[in-house]
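Biologist: Could you walk me through the labels you put on this fold, and the cut-offs behind them?

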Amino acid sequence: MDLPCRTAAPRESLRERRRRETRDELHAAALRLSRELGFEQVTVEMISEEAGVSPRTFFNYFPSKESALLIWSASFTPEARARFLAAPARDTRSVLEDVGELFASYLEASPPRRDEVEEVFRIAERTPSVLAAVLAGFDALERELWALVAERTGRGTGDRTADLVAGVSMAAVRVAMRRWAQDHGCEQAAPEFVRESFALLKDLTSPLEEAATASS
């Protein structure tokens, strides 16, 4: 089977790279301090000092210390959004495939570390405020994805299909990231886990779409 050709991601500007690096440094500092001191003892001031920036700069990137731990700490880039929206609407399965590529490309641009992702999941399991922040982060991405799918398909943000595509997509991403974080013996990168998760999701939807086509 021929695999779809993936276009190269546009090169980020110097300003974008510096912002990404600062965000990554704050995220890493929050994790280091949480590991050493316990998350409850960590403050925004401590994270800022560890990363070499001011608390004011911290709040330019994150609204709270909990959000600094998030695996997914930013929206899709304008370039990624434009690329997704420019593709043909096509059928639901094809849109799902492109959603998977949207997430995989995000992870390729900002590759996560397996031990850090696992640590975030561990902290979230025992710290309600972190769990709430993680869930809120995924929820925000789901709403953004819902709007993107609705715009791409021309269905509008009130459409139930776009809502469902966004919901199952986020579930596929969460499963993929959890499996990747826990699979220490696998050298496969996180983006490939996401692509595999969406390939499975596409297979699951095949019988439903075929049945719908046959009955129409």
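**Helix labels and cut-offs**

Modeller: Helices here are DSSP runs of H or I with at least four residues, numbered from the N terminus. Mind that this is a predicted model: local features need pLDDT of at least 70, side-chain atom pairs count only at pLDDT 80 or more, and totals for chains, interfaces and linings use all residues. Residues are numbered from 1 along each chain as its sequence is written, and side-chain values use heavy atoms, leaving out hydrogens and water.

Biologist: Which residues of H2 are buried?

Modeller: In H2 (residues 44–51), Val44, Ile47, Ser48 and Ala51 are; buried means under 20% relative accessible area with a 1.4 Å probe, protein chains only. They span an arc of only 100 degrees around the axis, which puts them on the same side of H2; that arc is taken from the directions from the helix axis to the C-beta atoms.

Biologist: Why are H5 and H7 called oblique to each other?

Modeller: The axes of H5 (residues 92–109) and H7 (residues 128–153) cross at roughly 135 degrees and come within 12 Å. Angles under 35 degrees count as roughly parallel, over 145 as roughly antiparallel and 65 to 115 as roughly perpendicular, with the rest oblique. H5 and H7 are therefore oblique.

Biologist: What makes the contact between them?

Modeller: On H5, Val95, Asp98, Val99, Leu102 and Phe103; on H7, Leu141, Leu145, Leu148, Val149, Arg152 and Thr153. Contact means heavy atoms within 4.5 Å.

Notes
Buried < 20%, exposed > 50% of the residue type's maximum accessible area, 1.4 Å probe, protein only. Helix = DSSP H or I, 4+ residues; strand = E, 2+ residues; numbered from the N terminus. Axes fitted to C-alpha atoms, helices over the stretch in contact; angles between N-to-C directions.
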